[in-house]
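This report covers model confidence, strand pairing and salt bridges, in that order. Please read it alongside the sequence and the structure shown here.

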Amino acid sequence: MAGFVQIIEFKTSRIKEIEELGRPSRTEGSAPATFRRIVATADRDHPGTYFTIVDFESFESAMENSGRPETSEFAAKMAELCDGPVIFHNLDVMWEDTGDGAGNG
């Protein structure tokens, strides 16, 4: 089992505008998205702080996704709506447990 997760941390007072940009996977693209799943979250303990968790098959598929023109365009527009820098956490998956008793890790 391999995998790669990218967590994008940002602060904004304009979350509705970011949501209106659309999701990168729903915009017209040059190729199919390379991620497996995206989860958008809001920090309950720190209002105005958000994390987007993106699950990839590998680091290479994440970098392929990052190199897409539509991803770069979305990221630039999103950054303009943020209250400070966007922070990227790049994480290699060591193990996971899906809770189904199958021992996935």
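## Model and confidence

In which element of the chain is confidence lowest, and in which is it highest? Helix 3 (residues 69-80) has the lowest confidence, at a mean of 90, and strand 1 has the highest, at 97. These values are pLDDT, the predictor's confidence in each residue, from 0 to 100. Over the chain the average pLDDT is 88, and 88% of the residues score at least 70. Helices (H or I, at least four residues) and strands (E, at least two) are DSSP runs, numbered from the N terminus.

The model is predicted: local features need pLDDT of at least 70, side-chain atom pairs count only at pLDDT 80 or more, and totals for chains, interfaces and linings use all residues. Residues are numbered from 1 along each chain as its sequence is written, and side-chain values use heavy atoms, with hydrogens and water left out.

Strand 1 spans residues 4-11. Because six of its eight residues are buried, strand 1 is largely enclosed by the rest of the structure. Buried means under 20% relative accessible area, exposed means over 50%, and partly exposed lies in between (1.4 Å probe, protein chains only).

Strand 1 pairs with strand 3 in the antiparallel sense, over eight bridges; two strands pair if DSSP finds at least two bridges between them. Within this pairing, Gln6 has Val54 of strand 3 as its bridge partner. Strand 1 also runs antiparallel to strand 4 (residues 87-92), joined by six bridges. There, the bridge partner of Glu9 is Ile87.

A salt bridge is a side-chain nitrogen of Lys or Arg within 4 Å of a carboxyl oxygen of Asp or Glu. The count by this rule is six.

One of them joins the side chains of Arg14 and Glu17, at 2.9 Å from N to O. Arg14 is partly exposed, because its relative accessibility is 32%; Glu17 is partly exposed as well, because its value is 35%. Another salt bridge is formed by Lys16 and Glu19, with their closest N and O atoms 3.7 Å apart. Lys16 and Glu19 are three residues apart in helix 1 (residues 15-20), so about one helical turn separates them. Both Lys16 and Glu19 are exposed.

Arg36 and Asp55 form a salt bridge in which the closest N and O atoms are 3.1 Å apart. This pair links distant parts of the chain, with Arg36 in strand 2 (residues 35-42) and Asp55 in strand 3 (residues 49-56), 19 residues apart. Arg36 is partly exposed at a relative accessible area of 40%, and Asp55 is partly exposed at 22%.

A network of salt bridges links Arg36, Asp55 and Glu57. Glu57 lies in the loop between strand 3 and helix 2 (59-66), and its relative accessibility of 47% makes it partly exposed. The side chains of Glu57 and Arg36 make a polar contact at 3.2 Å. A polar contact is a pair of N or O atoms within 3.5 Å; within protein, one must be able to donate a hydrogen and the other to accept it, and residues adjacent in sequence count only if both atoms are side-chain atoms.

## Other neighbours of Glu57

Which residues does Glu57 touch, not counting residues up to four places away in sequence? They are Ala2, Gly3, Phe4 and Arg36, where contact means heavy atoms within 4.5 Å. Gly3 and Glu57 are 54 residues apart in sequence, and their C-alpha atoms are 4.8 Å apart in space.
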